[in-house]
Amino acid sequence: MSQLRRDFDADDLRAEITAASIDGVVSVQARQSVVESEWLLDIASKHDSIKGVVGWVPLAHADVRSVIERLSHFDLFKSVRHVVQDEPDDGFVLGKEFNRGIAMLKEYGLVYDVLIFARQLPSSIQFVDQHPDQEFVLDHIAKPTIAATAFDDTWERHFRELAKRPHVTCKFSALVTEVRDEAWTVETLRPYWDVALEAFTPQRLMFGSDWPVCLLRSEYRSWVAAVTELSKSLSSIEQADFWGNTAVRAYHLQ
């Protein structure tokens with residue numbers, strides 16, 4: 001983890017996306033802190049390449065509305081995320097207070113990013129079903145356990161079930177950090193790409209980098225190159241959706 005223990009700023013990001021021919025990004029929270037959300041929004045306001053921010057608010061707190069109200073005045077505040085994958089209770093997303101906060105998001109035109117491990121998919125399906133009018137983005141295709149010698153069939157079953165919900169969009173990102181082999185290859189990832197593409201289609205599947213966390217297993221450009229290889233069979237319209245238009249629609253970007 002030592003390579004992540006430094007500051008990553010907008011100049012670092014600009015260098016990475018320029019080298020990879022990516023012209024715009026959505027920046028996503030890492031710490032569960034309103035201060036970090038405000039910091040991300042401040043940075044985004046100064047850099048045209050950052051098209052939106054997924055921040056954090058205390059969804060289960062009694063005064064969450066006041067926080068959402070304040071942050072909603074930032075045009076670049078597009079979505080909210082809680083690090084559910086780190087919650088010890090796999091049923092965390094079904095909590096009454098948490099769902100009370102989720103129910104407020106659509107009033108402000110905000111999306112909710114679902115950050116979970118594959119084992120949390122069953123409860124997450126129940127969760128999104130409670131909010132049929134709320135827009136969701138599933139991060140990192142729900143982090144299956146990836147290995148060259150075995151496919152995560154349980155993940156596939158629940159993932160395909162979640163994909164039946166039209167108010168859920170999916171982000172193809174962060175797979176390299178879920179590979180249990182010593183090294184990862186495009187072919188190791190391909191079965192998961194095939195499932196994600198078929199389940200969500202390019203109209204509801206978008207590219208994501210998970211930078212800088214992806215640096216634990218891959219450089220930014222190497223990940224972009226891998227996904228470029230996986231997606232090369234898509235038509236030009238499908239490419240445009242996957243690499244940009246799906247994100248624009250899902251996050252209501254300008």
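## Exposure and the model

A residue is called buried when its relative accessible area is under 20%, exposed when it is over 50%, and partly exposed in between. Welcome to a tour of this structure, which is a predicted model. E161 is a handy case to start with: its relative accessibility is 29%, so it counts as partly exposed. Its salt-bridge partner is K164, and the closest N and O atoms of the two are 3.1 Å apart. K164 itself has a relative accessible area of 60%, over the 50% cut-off, and is therefore exposed.

## Salt bridges

How many salt bridges does a search of the whole structure find? The search gives 19. Besides K164 with E161, one of the pairs is K46 with D42, whose side chains meet at 3.1 Å from N to O. K46 is exposed, at 58% relative accessible area, whereas D42 has 36% and is partly exposed.

Now for a pair in another setting. The side chains of K171 and D139 form a salt bridge with an N to O distance of 3.4 Å. K171 belongs to strand β6 (residues 168–172), while D139 is found in the loop between β5 (136–138) and α6 (153–163), so this bridge ties together parts that are 32 residues apart in sequence. Are these two residues buried or exposed? K171 is buried, with a relative accessible area of 9%, and D139 is buried too, at 0% relative accessibility.

The bridges also connect with one another. Through shared partners, R81, D113, D139 and K171 are joined into one network of salt bridges.

## Helix packing

Two packed helices are described by the angle between their axes and the distance between the axes. Take helix α3 (residues 64–71) and helix α4 (residues 96–105): their axes are 10 Å apart and the helices pack at an angle of about 30°. Because that angle is under the 35 degrees cut-off, α3 is roughly parallel to α4. The crossing of α3 with α4 is right-handed.

What is the angle at which the axes of α7 and α8 cross? For helix α7 (residues 186–200) and α8, it is roughly 55°, and the axes come within 10 Å. These two helices are therefore oblique to each other. Their crossing, too, is right-handed.

## The loop between β7 and α8

The loop that leads from β7 (205–207) to α8 (220–230) includes V213. P212 is also placed in the loop between β7 and α8. The peptide bond from W211 to P212 is cis, and its omega is near 10°. This is worth a look when you check the backbone, because most peptide bonds are trans.

V213 takes part in a nonpolar surface patch with M1 and L216. Together the three residues have about 250 Å² of accessible area. V213 has a relative accessible area of 35%, which means that this residue is partly exposed.

## Positive phi values

Most residues other than glycine have a negative phi. Which residues have a positive phi although they are not glycine? K143 and H252 are among them. K143 has a phi of about 50° and sits in the loop between β5 and α6. With 12% relative accessibility, under the 20% cut-off, K143 counts as buried.

For H252, phi is near 55°. This residue is in the segment after α9 (236–251). H252 has a relative accessible area of 35%, so it is partly exposed.

Where does F117 lie? Its place is the loop between β4 (111–114) and α5 (121–129). F117 is partly exposed because its relative accessibility is 23%. From F117 to A30 the separation is 87 residues in sequence, and their C-alpha atoms are 16 Å apart in space.

Technical notes. Residues numbered from 1 in each chain as written. Predicted model: local features only at pLDDT ≥ 70, side-chain atom pairs only at ≥ 80, totals over all residues. Heavy atoms only, no water. Patch = residues over 30% accessible without salt bridge, like charges linked within 9 Å, V, L, I, M, F, W, Y side chains within 5 Å. Areas by Shrake-Rupley, 256 points an atom, 1.4 Å probe, with all protein chains shown as cover. Salt bridge = Lys/Arg side-chain N within 4 Å of Asp/Glu carboxyl O. Helix = DSSP H or I, 4+ residues; strand = E, 2+ residues; numbered from the N terminus. Buried < 20%, exposed > 50% of the residue type's maximum accessible area, 1.4 Å probe, protein only. Axes fitted to C-alpha atoms, helices over the stretch in contact; angles between N-to-C directions. Parallel < 35°, antiparallel > 145°, perpendicular 65-115°, else oblique. Left-handed = near helix turned anticlockwise from the far one by under 90°.
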